[in-house]
Structure formats: structure tokens, C-alpha cells
Amino acid sequence: MKKTITIEALQNGKTFGHFPYEISKDGLFVQRKNEKTEEISKQRLCDPIFVKEMVQNMDTKEVTINLCYFFQEQYHEWTIGMGQLIPNELLKLSSKGMNIPFSTHKAISDFLMSQQKTALHRELYQDVGWHIKEDETIYFRHENVHPKKALFAASNDTENGLYNLAPAGTLNAWLEMIRNHVEGNVKLEFIVCAGFSSVIVGYLSKFYDDVDSLLIHLAGDSTRGKTTAALLAVSAFGMPSNKKRGLMKTWNGTANATINMMSGNYGIPIIFDELSMSKSKSLTSEVYVLTSGQEKSRLTDQMTQRKQGTWSTTIFSTGEQSIFERTSQNVGLTVRAFELSNVSWTTSAENADAIRKVIQDNYGHAGIAFLDYLFAQELSVIEKTWEQWQSRCIEELEETPFRSRIAKKYALILAAGDLMNRALGLSLDIEGVLAFLVEQEKERASSRDIGGKALHYITQVIIQHQQNFKREGSFGSPPNCWGKFIPHGTHIEVAILKNILEEQLRGGGFEDPKVILRDWDEKGLLVTESDRRTKRTRIFGDDEQDARQKMVGKLFSKSKASDTTYNIMLDKETHLCGMIYETTHPAFQVET
């Protein structure tokens with residue numbers, strides 16, 4: 001029976017036979033039979049060389065070989081591809097110190113090809129989190145596979161993978177830190193729940209198309225403990241650090257590099273630290289891609305469709321600035337990404353130090369215990385708990401067009417906290433976390449009124465560029481005339497050329513002016529004609545046609561005296577119109 005060759009066994013004088021070859025500390029030999037005399041003789045092929053182990057990447061299916069060889073009185077190891085065992089490729093390895101004579105390289109290749117079949121075999125993976133086998137068995141990839149029976153020999157690729165998931169320290173030390181320094185602080189309780197939600201998000205995304213990755217941005221100055229909070233959130237699953245492939249990455253990179261870090265992650269939380277380091281002028285695309293869980297389609301160098309990376313997990317982001325300051329004014333983004341601004345996460349510097357002191361040496365165990373609990377309870381408990389918390393969120397959240405979508409996302413965090421309490425014997429106040437989320441949602445509601453934001457923006461643009469408007473009844477137009485003011489007592493009707501308003505909205509980050517105008521129309525803010533949202537308004541006199549053509553552009557019609565405008569009614573009390581009334585510019589001297 002063939003046995004696995006080891007360096008220790010060779011050094012202890014053991015000989016391994018792989019007929020017609022045998023290997024010992026004296027070298028690799030082949031047995032040859034003399035056809036005339038039928039005598040058996042041994043020919044030395046080279047110094048000891050053998051395949052120590054074969055490693056297969058479960059995700060790419062690529063196989064690598066750890067080749068062990070004797071050089072300069074000691075053994076060395078070198079990793080090669082399986083294709084390098086063929087004779088001509090094997091010769092090239094002489095540059096690494098391997099004894100591969102030309103006269104015997106074919107026999108050496110033949111031995112290695114045969115012997116590798118009995119070498120140790122390992123399976124490694126770089127993609128982490130929830131995966132489904134061909135027989136529909138679902139399992140979780142952490143440092144090792146859970147449950148173990150799903151894949152006995154598989155483990156995380158610690159050398160080439162993106163994440164260091166090997167646990168350190170003890171579970172008890174981590175739990176004591178939670179009881180002493182987190183419980184009772186609802187903000188930190190929320191962040192711990194959010195960290196565990198990565199498992200819930202990754203699992204449910206396998207069965208629900210509308211379960212996207214959670215993106216939680218912690219904004220505020222450096223004294224509020226946001227980085228400590230983010231590190232605490234991921235410490236249950238791996239090394240909370242930006243070194244040695246820890247779970248903290250950085251925004252400092254190209255958009256593609258940032259996205260590539262996420263590919264294949266279905267349940268391990270990750271941090272992107274310090275938003276100000278991002279090289280992207282606009283983060284609109286990154287936010288959409290990160291939360292949707294699928295990178296943009298791209299072509300390879302051979303002009304074929306490149307396989308798109310996918311993921312589904314919980315992503316934390318930190319930075320002093322708001323993430324929405326770097327994105328377009330799109331209400332969809334505020335539903336996809338959650339921002340918590342100027343929250344004091346830790347109660348004091350001592351509180352933050354106590355947390356960091358523990359998590360830097362004790363991490364990874366809590367996530368494993370959480371997974372063991374879920375498998376012991378049967379995974380259906382995840383969906384059941386999620387649905388229960390969705391109902392609670394619907395009860396507590398104010399009725400808005402986004403309530404159902406927000407409830408689904410908040411329920412992911414609350415379900416994680418609920419299950420975590422049961423799994424780890426903790427007492428985090430999940431109802432308190434719900435109240436915290438509801439309060440945060442109230443603050444965010446105004447940011448989702450895209451029409452209101454756009455009106456505020458355009459009003460300020462009008463005030464800033466009031467010299468570009470003429471007044472109803474006045475003669476002559478200012479240079480670069482945008483429209484005119486039509487006083488109505490306590491209101492001003494602002495007629496703005498169609499192309500000018502749409503251009504200004506886009507310049508303010510409102511990508512689709514039609515959405516804004518529909519909102520204004522529904523709120524009764526537009527003066528319109530028939531079934532349109534525009535109106536024909538005469539702004540330019542007969543002697544101002546050149547200026548008119550310059551401003552109107554392609555919409556200019558010589559046969560018509562009026563131009564297509566959007567007419568907005570600005571109320572003195574509610575829409576900053578008072579600033580317009582108070583200006584000293586002659587165009588705003590409204591008669592009473």
C-alpha cells in the first residue's frame with residue numbers, strides 16, 4: 001500500500017516505493033530490468049523530489065502542487081501549476097535549485113505524475129459565506145466549512161484570500177466585553193446586531209431577489225467612536241483590522257478595486273474606512289453596485305463577456321463627510337444606503353479603549369457560535385424570525401411610500417440581534433434597537449422628499465441668479481435672461497425657460513428632472529397649461545429675438561412669441577420667497 005511521502009520520514013531513513021520508482025534520503029531511483037539477463041538494477045535519477053500536497057481552488061477549479069525538493073543540504077518547497085509536471089516544463093524548474101538532469105527529466109516527470117495521486121489533497125476557497133452544493137445542501141464558509149460534514153477537507157485560503165477569518169483569543173473574553181461595555185448602550189447594541197446581520201442578509205439573498213446588501217455609513221468627526229463601532233461590528237467574524245487581510249478595507253482605491261473586494265462574499269461583514277480617501281468624484285455608481293451585489297458587466301482582453309462578481313452581505317463605511325454629499329440627489333440611494341450622522345457611539349474614551357483592547361486579541365469565535373446555533377435550530381429559523389420583525393417594523397414605522405422596503409431592511413438587523421441573543425446568551429435590548437432605528441428613520445424621511453430638496457435647491461439658485469430674471473411689466477431683458485418674475489401679492493410666479501431649469505436641476509445632482517417636475521405638479525407648485533407641466537410664457541420682446549434665440553437654443557420658434565417655461569409658485573412663508581421679497585434688486589419691488 002502506497003503511503004504519503006513526508007520530509008520527516010525521509011530524514012528518518014524511510015524509503016517509499018512507487019514502482020518502478022523509489023525515493024529515500026539518498027535520492028530518487030528507478031528500477032530497470034536487463035532484457036537479456038533479466039537482472040534488476042537501480043538507476044539514480046536525481047536528488048530527492050516529490051509532491052508534498054495538491055491544492056484545488058474550489059471557486060476557480062485550478063489545481064496547484066506543492067513540490068518538495070532537496071537542495072544545498074536542506075529541503076525546500078515551491079508551488080507550481082499541475083501543467084508544470086510535464087517533462088519540458090519540469091526542466092525549467094532547475095533555476096529554482098531542483099536537480100532535474102536532461103538525461104532523466106522524462107522519468108522524473110513520470111514519477112511525479114504518478115506519485116501526486118497519493119499526495120495529500122486539500123481544497124481551499126476564497127469566496128466566503130453561504131454557498132449551495134450541487135445536491136442543494138446549503139453551508140457556510142468561514143475559516144472552515146459549517147457544518148463540517150458538508151465538506152470535511154475544505155478551508156479558507158489564508159494566503160490568497162481577501163479575509164483573515166481565523167479566530168483568536170476566546171469567546172468568553174468577547175462576550176464579557178459585550179456585557180460590560182456594550183449592553184445598555186443602544187447605539188452599540190445596534191452596531192453589534194448590524195454586524196451579525198451579514199449572515200442573515202447572505203442567507204436570505206439566496207432565496208429572495210429583493211434582499212440586497214446593507215450599506216451602513218457612519219459619518220461624523222473622529223471623536224465619536226465610529227471606527228471603534230465599525231471594528232466591533234465585524235469582530236465577531238474575523239480580524240478587526242486593516243492589516244493582514246483583516247475585515248477593514250479602505251476607500252482608497254479605484255471604483256473597480258473597491259468592488260472587486262466584495263466579490264464572492266455572502267455573509268462576512270466588511271468595513272470600508274475613511275470615505276474621504278475615495279478617488280471617485282461621484283460615489284453614485286459605487287453605492288448602487290455595492291448594494292445591488294453585482295458588478296457591472298465588462299469585457300476581457302479577448303473581447304468576451306467577463307464573469308460578473310456577486311455578493312450579498314452587510315457593508316460598513318466610515319468617514320467624516322456624508323456619503324450622500326458624494327452622490328446624486330436620488331431618493332433611491334437613501335433607501336439603499338443608511339447613514340447615521342454625528343452619533344456618539346461610545347460613551348467615553350475609556351469605553352472605546354476597553355472595547356478595542358478586547359477585540360484586537362479576541363475575535364472570530366462569536367460568529368462561529370452563531371452559525372453553530374443556526375444549524376442546530378435548522379435554518380428555517382432565519383426566515384421565520386425575519387418575517388416576525390418585519391411585522392414589528394411595519395407597526396412602528398410611519399406610513400410612507402418606502403415603509404415596506406425599509407421594514408424589510410431593518411428586520412434583517414433586528415432578526416440578527418434576536419437570534420444572536422439566543423445563540424450567545426446575551427441580553428441586548430432589541431426593542432430598544434428598533435426604537436433607535438425608528439427615530440433615525442424619522443430624521444431621514446425629509447431627505448427622501450426629493451421634490452422638496454429640489455425646490456429648496458432651485459429657490460436658492462433663483463436667489464443667487466436673480467439678475468438673470470426680468471420682472472413682469474418691465475422693459476428690456478438682462479443679459480443671459482433665464483425667465484421672469486410675475487408677482488402675485490404674497491407669491492411670486494417664477495417662469496424659467498425649460499432648458500434652463502432642466503440644466504440647473506441636473507447640475508444640482510437631480511439626474512431625472514421629470515421625477516422632480518411630477519412631484520412639484522402633484523404638490524400644486526406648477527402653473528401649467530392643459531395636461532402638460534409646462535406653460536407658454538412671453539419673456540422676450542420683439543426686439544430681443546437674438547437674445548431669445550441664444551437662450552432658448554433648439555426650442556426657438558420665430559413664428560411664436562412665447563417660449564416653453566416651467567412656472568413655479570414660490571410662497572413667501574414656506575419657500576424662502578421672503579429672501580426674494582427682501583432683496584433690494586428692482587425686479588423684486590413688489591407692489592402692495
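Close-up 1. Because its relative accessibility is 59%, Gln72 counts as exposed (buried means under 20% relative accessible area, exposed over 50%, partly exposed in between, with a 1.4 Å probe and protein chains only). Look for Gln72 in the loop between strand 6 and strand 7; helices (H or I, at least four residues) and strands (E, at least two) are DSSP runs, numbered from the N terminus. Its phi is near 55 degrees, a positive value in a residue other than glycine. A word on the source: this is a predicted model, in which local features need pLDDT of at least 70 and side-chain atom pairs count only at pLDDT 80 or more, while totals for chains, interfaces and linings use all residues. Residues are numbered from 1 along each chain as its sequence is written, and side-chain values use heavy atoms, with hydrogens and water left out.

**Close-up 2. Asn342, another non-glycine residue with a positive phi.** Phi of Asn342 is about 55 degrees, and this residue is not a glycine. Asn342 sits in the loop between strand 18 (337-341) and helix 10 (349-359). With a relative accessible area of 49%, Asn342 is partly exposed.

Close-up 3. Axes are lines fitted to C-alpha atoms, for helices over the stretch in contact, and angles run from 0 to 180 degrees between N-to-C directions.

**Close-up 4. Strand 5 and its partners.** Strand 5 (residues 49-57) runs antiparallel to strand 6 (residues 63-71), and seven bridges join the two. Across this pair, Ile49 stands opposite Tyr69, and Met54 faces Ile65. The hairpin of strand 5 and strand 6 has five residues between the strands, and Lys61 takes a positive phi near 70 degrees there. Strand 5 also pairs with strand 8 (residues 120-125), this time in the parallel sense over five bridges. In that pairing, Gln56 stands opposite Glu123. Seven of the nine residues of strand 5 are buried, so this strand is largely enclosed by the rest of the structure.

Close-up 5. Strand 16 (residues 270-273) and strand 17 (residues 314-319) run parallel and are joined by three bridges, with Phe272 opposite Ser317. Contact means heavy atoms within 4.5 Å.

**Close-up 6. Helix 12 against helix 14.** The axes of helix 12 (residues 380-396) and helix 14 (residues 430-445) come within 11 Å and cross at roughly 45 degrees. That makes helix 12 oblique to helix 14 (angles under 35 degrees count as roughly parallel, over 145 as roughly antiparallel, 65 to 115 as roughly perpendicular and the rest as oblique). On the helix 12 side you'll find Trp389, Arg392, Cys393 and Glu396, which meet Ile430, Glu431, Leu434 and Val438 in helix 14. The contact residues divide into five nonpolar, no polar and three charged; Ala, Val, Leu, Ile, Met, Phe, Trp, Tyr, Cys and Pro count as nonpolar, Asp, Glu, Lys and Arg as charged, and the others, Gly among them, as polar.

**Close-up 7. Helix 15 against helix 17.** Helix 15 (residues 450-464) and helix 17 (residues 513-522) have axes that come within 9 Å and cross at roughly 95 degrees. The two helices are therefore roughly perpendicular to each other. Ile450, Gly451, Gly452, Ala454, Leu455 and Ile458 in helix 15 meet Ile516, Asp519 and Trp520 in helix 17. Sorted by class, this contact has six nonpolar, two polar and one charged residues.

Terms used: Pairing = 2+ DSSP bridges.
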